[in-house]
Amino acid sequence: MSILVDERTRVVVQGITGREGAFHTKQMLEYGTVVAAGVTPGKGGREVEGVPVFNTIKQAVEEEGVNVSCIFVPPPFAADAIIDSASAGLEVIVCITEGIPVLDMVKVASLLKNEKSVLIGPNCPGIISPGKTKVGIMPGPIHKPGPMAVISRSGTLTYEVVYQLTGTGLGQSTCIGIGGDPLIGTTFIDHLKRFKEDPETEGVVLIGEIGGTAEEEAADYIREEFNKPVIAFIAGQTAPPGRRMGHAGAIISGGQGKAEDKINALQAAGIRVALNLGTLGETVQKVMEKS
Amino acid sequence: MKLHEYQAKDIFGKSGIPVPNGQVVTAVDQATRATQIISGPPWVVKAQVHAGGRGKGGGVKVVHYPYEVVTATESLLGKHLVTPQTGPEGVTVNQVLIEEGIEINREYYLSMIVDRSTACPTMIFSQAGGMEIEEVAARSSELILKEHIDPAVGWMMHNARNLLYSQEPPPPVGALSALMSVMANVYKIFMTLDCTLVEINPLVLTKDRKVFALDAKVDIDDNALFRQKELLLLDDPREKDPLELMAEKYHLNYIRLDGNIGAMVNGAGLAMATMDVIKMAGAEPANFLDVGGGASEDMITKGVEIILKDRRVKAILINIFGGILRCDVLARGVVAAAKKTSIRVPLIVRLEGTNVKEGREILRNSDLKFLVARDLGEAADLVSKQVS
């Protein structure tokens, strides 16, 4: 098992004719993902890597039965693309786009409250269920099927962690990059709830960073309701206050969002926090052996 | 993007939020004329810098004679102002705002942000104005009131009433409509200008029940600047670190820090984590540098050059997990940088991921002297050897 995406996932790539969209369509196909359709308004009728292109999501749903979208459209049009997918009833929407205005995401979040779609991102690497499918931009070969779930606010940092896990022999059930923006579709808790019900997932690696209070909220949830081992890592222990560290959401403001507070909250909830990224894989291995 | 106080007050004034009469001066000889136009005494002379905590740094002066306005202006212009938020080297004051003094009867705090947990624009109001709101939050959080605004509905009068009538004691009846109007206008500014923060601290009430925004802070969402073109004119590049400005030009995410180990990483999360690795190895990072997912060879070269321009840098750690950014592209960029500027400090390179073999090969076959770290643990060891 795995969560949200698997063998029955049929992907529509929004922005498939763009440079990034086309490149990653190819990568996803090579990994074995079923990319059934692409959408670029005005370019319907074409093909990219053998994938048919449509003008609207609606057409892609009707013609190809897609159920998951992967968004590469530029920031000014990304909110529209998300809402388009949600209104078409897609199960999962993965938004890779970085740089969407916050107030656009306010609109998206307000609308999604009444839709069943699960939004992953924006500003994220996507989601992968190793050996089954990947919807996103992560390098496929570093992953392998197995018992660990990974939920992360970062991209390359997640690759580093997955690489170490695979290196120690621990494969992954599903890895999700939830995104580095201040407003994201789904949080740690949303996915922890799913991993709790997934029999294949035996433990979770949670990768947080400075900014906001999502890690603190996750700590509360884990203490009260989550019954599988969790190992956490928090990036940005040396980040200065008031500066945005690359990710729009990675900023310590008004004394909130510090790495120290997050680490304390997680530890207080009984969660093992790896302080040294270099040995994270070994730490996870030790925790999983004990459990 | 941050705005200066005078720029924010200009926006306030045009949007119907009362602000004191004032004038910006960039030279001392303009100060005398300002006293003739602006009513006083008293006058308030305020340094215009983006950094907060100006009052504590001596950047705000209240004076009572026209000649004092001039001397206060003189003492601030061109001065390096050090505030709790600037770091020890401070920031240069290029502009000074001279304002009429306002007699204060009550001070409030008013701001608007997007609340991350509810994803709603949220107004924050407190009767503990004029102090640092973080301190108020820490000491007496019950004094801070929040009102989430449903973005589908927009601002409603009851939002203002919820905030105002929860105060103990509530604001005087005669001031209520003025305060409600300020709140509605703050919401309007926030939404139409794509703000990430609008803050008035203090928002004051005078004895005759007039309302004034004595201070003004407006931050604009960088991601929305493509549709806020007029606001771009308000950008003040002098407020930024020259190396950060240079990095911006090449679309590199660079933030200068106080340490001596330069770092170049792809991805913001991994870059932060690499800074932490440097710190754990007993050293201090000199910078945050995320070259991004799709960096070109040229961007890598520029990145190395920018790191080296910081004279405090004693060693450089390059940590790349190749995904979209391929290791061979990175390697070629580094080699090109070494040809343009001599790399006078030890270079530690850790490469992994896409095209790692090609990348390592390119580095090995160049004249470049560098230390190879096979993993992050080894990278940390090599860093700590450089500083010991």
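This is a predicted model: local features need pLDDT of at least 70, side-chain atom pairs count only at pLDDT 80 or more; totals for chains, interfaces and linings use all residues.
**Contact between the domains of chain A**

Chain A is assigned two domains, domain 1 (1-123) and domain 2 (138-291). Between the C-alpha centres of domain 1 of chain A and domain 2 of chain A there are 25 Å. Their contact draws 17 residues from domain 1 of chain A and 20 residues from domain 2 of chain A.

On the side of domain 1 of chain A that touches domain 2 of chain A, the elements giving two or more residues are helix H4 (102-112) and strand E7 (118-120) of chain A. H4(A) provides the largest share of that side, five residues. By class, the residues on this side of domain 1 of chain A are 14 nonpolar, three polar and no charged.

The angle between the axes and the distance between the axes describe two packed helices.

| Helix pair | Axes come within | Crossing angle |
|---|---|---|
| H5(A) (156-167) and H9(A) (280-290) | 8 Å | roughly 55° |
| H3(A) (75-87) and H4(A) | 10 Å | roughly 10° |

The axes of H5(A) and H9(A) cross at roughly 55°, and the two helices are therefore oblique to each other. The crossing of H5(A) and H9(A) is right-handed. From H5(A), the residues Val161(A), Gln164(A), Leu165(A) and Gly167(A) meet Leu280(A), Gly281(A) and Val284(A) of H9(A). This contact of H5(A) with H9(A) has four nonpolar, three polar and no charged residues.

For H3(A) and H4(A), the angle is roughly 10°, and angles under 35 degrees count as roughly parallel; these two helices are therefore roughly parallel to each other. H3(A) contributes Ala79(A), Ile82(A), Ile83(A) and Ala86(A) to their contact, while H4(A) contributes Asp104(A), Met105(A), Lys107(A), Val108(A), Leu111(A) and Leu112(A). The contact of H3(A) with H4(A) is made up of eight nonpolar, no polar and two charged residues.

Key
Residues are numbered from 1 along each chain as its sequence is written. Chains are lettered from A and ligands numbered from 1 in the order in which they are written. Domain bounds come from an automatic or database domain assignment. Two residues are in contact if their C-beta atoms, placed from the backbone, lie within 7 Å. Helices (H or I, at least four residues) and strands (E, at least two) are DSSP runs, numbered from the N terminus. Ala, Val, Leu, Ile, Met, Phe, Trp, Tyr, Cys and Pro count as nonpolar, Asp, Glu, Lys and Arg as charged, and the others, Gly among them, as polar. Axes are lines fitted to C-alpha atoms, for helices over the stretch in contact, and angles run from 0 to 180 degrees between N-to-C directions. Angles under 35 degrees count as roughly parallel, over 145 as roughly antiparallel, 65 to 115 as roughly perpendicular and the rest as oblique. A crossing is left-handed if the near helix is turned anticlockwise from the far one by less than a right angle, and right-handed if clockwise.
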